[in-house]
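Look over the sequence and the structure, then read on.

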Amino acid sequence: MVKRILGTGLALLVALGAGWVWGASGKSDIGRALQLAELRDGLLEGRSAVLDARLDLYSVNFGEASRHLEMARSALRAAEVRLNGLGRQEDATQLKIALTRIDEAQRMAGQLNQDANSRAADAASTINDVLGSAAKR
């Protein structure tokens with residue numbers, strides 16, 4: 001009787017362990033896919049805000065352009081943290097360059113300087129490069 005109870009308990013433990021291993025096996029792939037999707041979302045949000053700022057600069061609406069550049073900066077900083085978390089330092093460095101160009105564009109927009117548009121264009125181009133790199137991985 002005791003052997004039966006121990007055998008049943010052992011079989012139950014083995015089944016429980018096998019189920020846990022089977023369930024956990026796909027989580028790392030799903031987690032990585034989720035991180036990449038969140039990264040891509042942040043990059044797209046940042047690029048969209050930079051492009052909105054460029055439209056505002058073209059329309060000589062410097063206040064809205066500055067607001068859009070600030071939105072881009074916050075989205076791209078979150079993306080930079082995700083890149084560092086994924087161990088993609090090269091892409092994070094590229095994103096820092098884009099953030100520097102956004103800072104320059106915002107400073108120029110504050111001075112009512114139309115050259116801010118070209119800085120924003122450079123930032124959008126750099127973000128596109130990082131997006132392309134993210135798509136390849």
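Are Arg 88 and Asp 91 buried or exposed? Arg 88 is buried, and Asp 91 is buried too. Keep in mind that this is a predicted model.

**The pair and its serine**

Arg 88 and Asp 91 form a salt bridge. Their closest N and O atoms are 2.7 Å apart. The side chain of Ser 133 makes a polar contact of 3.0 Å with the side chain of Asp 91. Setting aside neighbours within four places in sequence, Ser 133 is in contact with Arg 88 and Asp 91. Is Ser 133 itself buried or exposed? Ser 133 has a relative accessible area of 17%. The cut-off for buried is under 20%, so Ser 133 counts as buried.

**Salt bridges between helices**

How many salt bridges does the structure hold? There are seven. Side chains of opposite charge can pair when their charged atoms come close.

| Salt bridge | N to O distance |
|---|---|
| Glu 38 and Arg 82 | 3.4 Å |
| Arg 119 and Glu 104 | 2.9 Å |

Take Glu 38 and Arg 82, whose side chains meet in a salt bridge. Glu 38 lies in helix H2 (residues 27-58) and Arg 82 in helix H3 (residues 62-85), so the bridge ties together parts that are 44 residues apart in sequence. Glu 38 is partly exposed, at 33% relative accessibility. Arg 82 is also partly exposed, at 31%.

Now take Arg 119 and Glu 104, whose side chains meet in a salt bridge of 2.9 Å. Which helices does this pair link? Arg 119 is in helix H5, and Glu 104 is in helix H4 (residues 89-110). The two residues are 15 apart, and the pair links distant parts of the chain. Arg 119 counts as partly exposed, with 28% relative accessibility. Glu 104 is partly exposed as well, with a relative accessible area of 25%.

Terms used
Residues are numbered from 1 along each chain as its sequence is written. This is a predicted model: local features need pLDDT of at least 70, side-chain atom pairs count only at pLDDT 80 or more; totals for chains, interfaces and linings use all residues. Side-chain values use heavy atoms; hydrogens and water are left out. Buried means under 20% relative accessible area, exposed over 50%, partly exposed in between (1.4 Å probe, protein chains only). A polar contact is a pair of N or O atoms within 3.5 Å; within protein, one must be able to donate a hydrogen and the other to accept it, and residues adjacent in sequence count only if both atoms are side-chain atoms. Contact means heavy atoms within 4.5 Å. A salt bridge is a side-chain nitrogen of Lys or Arg within 4 Å of a carboxyl oxygen of Asp or Glu. Helices (H or I, at least four residues) and strands (E, at least two) are DSSP runs, numbered from the N terminus.
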